[in-house]
Amino acid sequence: AVPAASTLARAIAGLGAPCHVHVPADEDETRRIAQRVAPEGIVVACGGDGTVHACVQGLMAAGITPGSRPRMAIWPVGTGNDIVRGLGPVDVDDPEAFAEYLVEGNARPVDVGHVTIEASEEMREHFFLGVLSCGFDSDVNERANAMPAKVGRARYLLGVARELPSFRPRWFAIDSDGTDRSMAAMVVAIGNGPAYGSGMFICPGARTDDGLFDVTVVTNVAKRTLVSVLPRVYTGRHMEHEAVEAWRAQVLRIDAPDSVVYADGERLGSLPARIQVKAGALHYIGPPAHHELAE
């Protein structure tokens, strides 16, 4: 990501605008840098969803003057780049065009998901731009993250193969805007944006600017049905299956036994959790979203 960030910085400098490239050592330092820079300028996250997620934590903690919003852009040079799928396509082969967006500074408000993990001794807060999930996919992530780095991108598929034989649906206690939507389910996904898992459109209709989450639930089905439904997620056609329930909400509280929750591909902690939309909480700079699925 460093060479890509340097290339973008040269394009920005070529337009006469000041910029500085930070190379953080880890996610905590990324968050601290974003928090420090937010009151002064635009934070450009150069990397994948993990980098974006860390920057968002810092931006939302920056304590911007009331009535204003932190400003952010994304130069998606990571592996999955799912968050930017809901915000608008970015051509990483054209840094000059992207630099013009930054210099012109035409920002638009986008929503941010706010999560409170209630299981810890101190109620921890997190923020996300893409998808929050729990259930089968989170359990797969737990397995995949425990594998050696040398396994590479095959970790997720290997995690699916190892998790599927022992996985059992759970009873999810779901309060959705004050309505009880509890049910036995395999997957619960809450989308501020549409995609996760390197192009899986689990919440295909989700928009980052409508003040609502799109909730997608794969209900209690046979494992062979789950396996048949999963490939449809890449085109959004899983929404047509009778095992899938969907609705929209602003505030949810979710609990389930022995369940962890992930957002933007990052582990947040164990359920229960309260998830709320912070409408228009961030100013995003970049090409407009077109809300279309990949072919």
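Author: Rings of Phe, Tyr and Trp (its six-membered ring) pair if their centres lie within 6.5 Å; planes under 30 degrees apart count as stacked, over 60 as edge-to-face and the rest as tilted. This is a predicted model, where local features need pLDDT of at least 70 and side-chain atom pairs count only at pLDDT 80 or more, while totals for chains, interfaces and linings use all residues. Residues are numbered from 1 along each chain as its sequence is written, and side-chain values use heavy atoms, with hydrogens and water left out.

Reader: How many aromatic pairs does that rule give?

Author: The count comes to 3 aromatic pairs. One of them is stacked, because the rings of F128 and F213 have centres 5.8 Å apart and planes at 10 degrees.

Reader: Where in the chain are F128 and F213?

Author: F128 belongs to strand β4 (residues 124-128) and F213 to strand β9 (residues 213-219), 85 residues apart. Strands (E, at least two residues) and helices (H or I, at least four) are DSSP runs, numbered from the N terminus.

Reader: Are F128 and F213 buried or exposed?

Author: Both F128 and F213 are buried; that means under 20% relative accessible area, with exposed over 50% and partly exposed in between (1.4 Å probe, protein chains only).

Reader: What kind of pair do F136 and F167 form?

Author: F136 and F167 are edge-to-face, 5.1 Å centre to centre with 80 degrees between the planes. F136 lies in helix α5 (residues 136-145) and F167 in the loop between α6 (155-163) and β6 (170-176), so the pair ties together parts 31 residues apart in sequence.
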